[in-house]
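User: Hello! I am new to this structure and would like a friendly tour of it. Could we go through it by question and answer?

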Amino acid sequence: NVLDIESTIIKAVLYSKLVECDQLGINLSYEIKTNLENSILDDTEITIIISNLINNAIEATKNAVNKNISIDIRRLERYKIEVKNNILGLNINPNEIEGFFKKGFSSKGNGRGYGLYNVKKIVKKYKGSIYARVVEDYLVIEIYV
């Protein structure tokens, strides 16, 4: 239950995205194993990261054959935030994935392409890592901070 999540920030972002996904017929599953309480990220940065990752997943998934998104937040050696979305039926070129994080890069039209760029700036600010890859029919974005 989303109400059981300790972090008010994560709970608020996730709840709003669950409502949006429900309206679009998208299945959003989540596993929150940490509330990022001791991470170096502030509340604004947490909101920017999670919101942008899920927003992009929603944008892509609403046109996919299978409408599934998952988010996983946990503490390993570092904090890990992972968002996966189904891309079956979408025209995603695996060679363009690195471009997702470039300023102004968007497959959705002009005047867009700042969300993942801002996420990458936050991750790099703390010398974290960000990875994007295709695994089977899913686009997986992993962040470590």
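**Charges, rings and strands**

Analyst: Welcome! In this predicted model, the charged end of Lys 84 sits over the ring of Tyr 138, 5.4 Å from its centre.

User: Which residue stands opposite Lys 84 in the strand pairing?

Analyst: Lys 84 belongs to strand β3. β3 is joined to β2 by 7 bridges, and the two strands run antiparallel. The residue that stands opposite Lys 84 is Ser 70.

User: How many residues lie between β2 and β3 in their hairpin?

Analyst: These two strands run antiparallel, joined by 7 bridges. Together β2 and β3 form a hairpin, and the number of residues between them is 3.

User: What is the handedness of the β-α-β unit made by β1, α2 and β2?

Analyst: The two strands of this unit, β1 and β2, run parallel. With α2 they make a β-α-β unit, and its handedness is left-handed.

User: Which charged residue lies over the face of Tyr 79?

Analyst: Tyr 79 is in β3, which spans 79-86. Over the face of its ring, at 4.5 Å from the ring centre, lies Arg 75.

User: Which residues are linked with Asp 72 in a network of salt bridges?

Analyst: Asp 72 and Arg 74 meet through their side chains in a salt bridge, at 3.0 Å from N to O. Asp 72 counts as buried at 13% relative accessibility, while Arg 74 counts as partly exposed at 22%. The residues linked with Asp 72 in the network are Glu 31, Lys 33 and Arg 74.

User: How many residues apart in sequence are the parts tied together by Glu 45 and Lys 125?

Analyst: The side chains of Glu 45 and Lys 125 meet in a salt bridge of 2.8 Å, N to O. Glu 45 lies in helix α2 (residues 43-61) and Lys 125 in helix α3 (residues 115-125), so the pair ties together parts whose separation in sequence is 80 residues.

User: How far apart are the closest N and O atoms of Arg 133 and Glu 142?

Analyst: Arg 133 is partly exposed at 38% relative accessibility, whereas Glu 142 is buried at 8%. The two form a salt bridge, with the closest N and O atoms apart by 3.3 Å.

User: Which geometry does the pair of Tyr 131 and Tyr 144 have?

Analyst: The structure holds 1 aromatic pair. The ring centres of Tyr 131 and Tyr 144 are 6.2 Å apart and their planes stand at 65°, so the geometry is edge-to-face. This pair links distant parts of the chain, 13 residues apart: Tyr 131 in strand β4 and Tyr 144 in strand β5.  In a word, the geometry is edge-to-face.

User: What is the separation of the C-alpha atoms of Leu 88 and Ile 9?

Analyst: Leu 88 lies in the loop between β3 and α3 and is partly exposed, with a relative accessible area of 33%. Leu 88 and Ile 9 are 79 residues apart along the chain, and their C-alpha atoms are separated by 31 Å.

Terms used:
Residues numbered from 1 in each chain as written. Predicted model: local features only at pLDDT ≥ 70, side-chain atom pairs only at ≥ 80, totals over all residues. Heavy atoms only, no water. Salt bridge = Lys/Arg side-chain N within 4 Å of Asp/Glu carboxyl O. Helix = DSSP H or I, 4+ residues; strand = E, 2+ residues; numbered from the N terminus. Buried < 20%, exposed > 50% of the residue type's maximum accessible area, 1.4 Å probe, protein only. Phe/Tyr/Trp six-rings, centres within 6.5 Å; stacked < 30°, edge-to-face > 60°. Lys NZ or Arg CZ within 6 Å of the ring centre and 35° of its normal. Pairing = 2+ DSSP bridges. Right-handed = clockwise from strand over helix to strand, strands pointing away.
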